[in-house]
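Let's take a walk through this fold together. Keep the sequence and the 3D view open as you read.

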Amino acid sequence: MKLFDVYPLFDIHPVKGEGCYIFDGQGNKYLDLYGGHAVISVGHSHPHFVKKLTIQLQHLGFYSNSLKNDLQIELAKKLGKLSNCEEYNLFLCNSGAEANENALKLASFQNKKTKIIAFKKGFHGRTSAAVSVTDNVKIQAPINKTFETELHNFNEIETIEASLKKGNVCAVIIEGIQGIGGVEIPKPKFLEVLESLCKKYNTILILDEIQSGYGRSGEFFAFQKSTITPDIITIAKGMGNGFPIGGVLIHPKFKAKYGLLGTTFGGNHLACAAGIAVLDILKKENLIAHSKELGNYFLEKLKTVEGISEVRGSGLMIGLEFDFPIKELRKHLLFKEKIFTGSSSNPNVMRVLPPLNIQKEHVDFFIKKLETALKLIPTPSPI
Ligand SMILES: Cc1ncc(COP(=O)(O)O)c(C=O)c1O
């Protein structure tokens, strides 16, 4: 059997990870400033993470959600505390798309409405409702286009209110910081107005913190730079440091009912051990404050580099906009300098999403290599 060929692949075969580094089978060492797409939060193969998972697997890897699972309770408790969202309830699932799918479903159960407002350049996953509110028609099959959706620009309050006023909008979904869209940050004031409009028109506000959450932005959640209290918050990626786990944080105004949501694998014992290990490490190593501090250092350093048109970001979620497509620059950094970086839906924007325990020396190393690369690679003139 062959693989269903859907991913354009770099010819690199990683076999080992350690902290901020990846090693291939030939012994090459790569600095990972991509974190496997913002997934690696506490670093590759962190000893506490490995130990927790190993011990858990020796005891019990999985049993179904028909029995009590104390690990889920421990995970929820620790997550509530560290994120300062103790009043929310947690539903555990397996991925980001699944978290958003459940969030949208829950919103619709709550107010019985069907239309969803999302934002241009946004990404919310590849499953049915989640992809229908993603700004990329190329990944929407005809079946996904049956949802009632509307995409708006950030800050265009009047058009958003005009739509909400019609009374049929079930939910507004917005990323804490747009990731794939190229690190676009909604202003706190915009989020605050959005929250008040959602309240006014009985619409559920869903914060997709799948990429921007878990300390990546320098706060536990990116929206915490504002004063809002979202109705629903979705999480995944950094939550499991590579172990597939997702979650939905649900405001207490939603009442749970047996069978309302469900999953076979979500919240299994091994996944919970991974989730707990991540929270333990984030807390013990103070990685959220570290993300903010290193992020500020990184942003300041990047602003001194000639040849970048715009640097934007928060914590360790950083976008570098150039006035040329970055494809060759990324390839140069990867194959010549052995540094992983990320792309975005904007061909001119590079994303930097390192493990949260990155150090200043890694930042300095990248800056030096980026400066050299910008002098070496032929930069096509802007189109
Ligand atoms: C903001 C955001 N939401 C949702 C998703 C979907 O997550 P998953 O790939 O785990 O389904 C992603 C993945 O990149 C994302 O960045």
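## The open sheet

Start with an open sheet of four strands, which runs in the order S1-S2-S3-S13 with mixed pairing. At its edges sit strand S1 (14-18) and strand S13 (339-340), each pairing on one side only. Strands here are DSSP runs (E, at least two residues), helices are also DSSP runs (H or I, at least four), and both are numbered from the N terminus. Two strands pair if DSSP finds at least two bridges between them.

Now look at strand S3 (residues 29-32), which pairs with S13 in the parallel sense over two bridges. Asp-32 stands opposite Phe-340 in S13.

A word on the model itself: it is predicted, so local features need pLDDT of at least 70 and side-chain atom pairs count only at pLDDT 80 or more, while totals for chains, interfaces and linings use all residues. Residues are numbered from 1 along each chain as its sequence is written.

## Around the ligand

Which residues come nearest to the ligand? Of the 14 around it, they are Ser-95, Gly-96, Ala-97, Gly-125 and Ile-210. (A residue is near a molecule if its C-beta atom, placed from the backbone, lies within 6 Å of it.)

Helix H4 (residues 96-111) gives the most to this shell, with three residues. By class, the shell has five nonpolar, seven polar and two charged residues. Ala, Val, Leu, Ile, Met, Phe, Trp, Tyr, Cys and Pro count as nonpolar, Asp, Glu, Lys and Arg as charged, and the others, Gly among them, as polar.

## H9 against H11

The axes of helix H9 (residues 287-303) and helix H11 (residues 360-376) come within 10 Å and cross at roughly 20°. That makes H9 roughly parallel to H11 (angles under 35 degrees count as roughly parallel). Axes are lines fitted to C-alpha atoms over the stretch in contact, and angles run from 0 to 180 degrees between N-to-C directions.

From H9, the contact takes in Leu-294, Tyr-297, Phe-298 and Lys-301, and from H11, Lys-360, Val-363 and Ile-367. Residues are in contact if their C-beta atoms, placed from the backbone, lie within 7 Å. This contact has five nonpolar, no polar and two charged residues.

## H3 against H8

Helix H3 (residues 70-83) and helix H8 (residues 269-284) pack at about 30°, with their axes 9 Å apart. H3 and H8 are therefore roughly parallel to each other. The residues of their contact divide into nine nonpolar, three polar and three charged.

Terms used. Parallel < 35°, antiparallel > 145°, perpendicular 65-115°, else oblique. Contact = placed C-beta atoms within 7 Å.
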